[in-house]
Amino acid sequence: MALVPGALREIRSCVATARSRDPAARGVSQLEILATWPGVHALLAHRLASAFHSAGVPLLPRAIAALSRAVTGIEIHPAARIGDGFFIDHGMGVVIGETAEIGNDVTLYQGVTLGGTGFATGKRHPTVQDNVTIGSGAKLLGPITVGHGSKIGAGSVVIHDVPPNSTVVGNPGHPVRVEGRRPEGPDADWVHLPDPIADAIKALASRIAVLESAVAPPVQEARAEAGSENRVGDAGRDGHNRRDAVNRSLGPNPAGG
Ligand SMILES: CC(C)(COP(=O)(O)OP(=O)(O)OC[C@H]1O[C@@H](n2cnc3c(N)ncnc32)[C@H](O)[C@@H]1OP(=O)(O)O)[C@@H](O)C(=O)NCCC(=O)NCCS
């Protein structure tokens, strides 16, 4: 019988959290939130599945999780540990893995993954500390820790620990604010990362321009004298000689050719 007050408390807490965290829930009745908020359904289903999982009940925890996933689009492993004041806004596409740990007052938006990076066993999913917000579509992979009070931008891919009270954005996820300030130092410029492929393409483009100006005149002359194969051969040889000269002056071809 002690279960009933506990369950009622949990339901009230879930609804209150949705109301305080979701602007769309302001002015909406508790009953309506309880009946129609998928994040609330998913969390309540998880609390039930988790209780059965902790009690060692077979099959039922996974069955509840699977049903909840079918209804809400939110997949939470029954073994995942989730604190109080947890809220998933919109919900669809959220995945929370088996060894994920989530602190208190955490908010996730749709499409967030707290996943593993491969087939590793043991602790392989993220730990998210208190008061963290994770934007829609963000992927947090591996046994990383997201420090308390941090924000993860929508669409980020995060595979390293996040310091407390930081804002991390992008792919790869990188801090743009730590304790309210922009990170400084030699590793802080994530906008201008080296791009060897772009560098090689730029070098190739400049070589092509030089080669065109070196090779084009004899070929045109040769074409102008159509019918003279010898001249074309001379022009080809001439072009090769010029290309060798270009190679000597510009160094080896960055494309490896
Ligand atoms: C990251 C976020 C929480 C903002 O945090 P914040 O601490 O207020 O950070 P700011 O808005 O000051 O932005 C900090 C920097 O990150 C950039 N940034 C913010 N969000 C970003 C994102 N998702 N992806 C890439 N860059 C982002 C900003 O342009 C800014 O860059 P700058 O320093 O060069 O000007 C917010 O942008 C976000 O992504 N929220 C998720 C919201 C969401 O998922 N909503 C779904 C509703 S359905």
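Two strands count as paired if DSSP finds at least two bridges between them. Helices (H or I, at least four residues) and strands (E, at least two) are DSSP runs, numbered from the N terminus. Keep both rules in mind as we go.

Now, what are we looking at? This is a predicted model, where local features need pLDDT of at least 70, side-chain atom pairs count only at pLDDT 80 or more, and totals for chains, interfaces and linings use all residues. Residues are numbered from 1 along each chain as its sequence is written.

Let's take the four-stranded sheet. It is open, with parallel pairing, and its order is β2-β5-β8-β11. Which strands stand at the edges? They are β2 (81-82) and β11 (145-146). Each has a single partner strand, so one side of each is left without a neighbour in the sheet. Inside the order, look at β5 and β8. Strand β5 covers residues 101-102 and strand β8 covers residues 127-128; two bridges pair them in the parallel sense. Find I102, and you will see V128 of β8 opposite.

Strands β6 (residues 107-108) and β9 (residues 133-134) run parallel, joined by two bridges. T107 has T133 in β9 as its bridge partner.

Now go to the β14 and β15 end. These two run antiparallel, and four bridges join them. V168 is bridged to P175 in β15. Together the strands make a hairpin with four residues between them. In the turn, G170 has a positive phi of about 90°. The loop between β14 (166-169) and β15 also holds P172. Which kind of peptide bond runs from N171 to P172, cis or trans? It is cis, with omega near 0°.

A word on backbone angles. Most residues other than glycine have a negative phi, and most peptide bonds are trans. So where are the exceptions in phi? One is H90, not a glycine, with a positive phi of about 70°. H90 sits in the loop between β3 and β4 (94-96). Another is N165, also not a glycine, with a positive phi of about 50°. Its loop runs between β13 (157-158) and β14.

H90 has 19 within 10 Å, so H90 is partly exposed. N165 has 15, so N165 is partly exposed.

Last, a helix pair. Helix α1 (residues 3-21) and helix α3 (residues 38-54) have axes that come within 10 Å and cross at roughly 150°. Those axes are lines fitted to C-alpha atoms over the stretch in contact, and angles run from 0 to 180 degrees between N-to-C directions. The pair is therefore roughly antiparallel; angles under 35 degrees count as roughly parallel, over 145 as roughly antiparallel, 65 to 115 as roughly perpendicular and the rest as oblique.

Who meets whom? From α1 come E10, I11, C14, V15 and A18; from α3 come G39, V40, L43, L44 and R47. Contact here means C-beta atoms, placed from the backbone, within 7 Å.

Note on methods. Buried ≥ 20, exposed ≤ 12 C-beta atoms within 10 Å, placed from the backbone. Contact = placed C-beta atoms within 7 Å.
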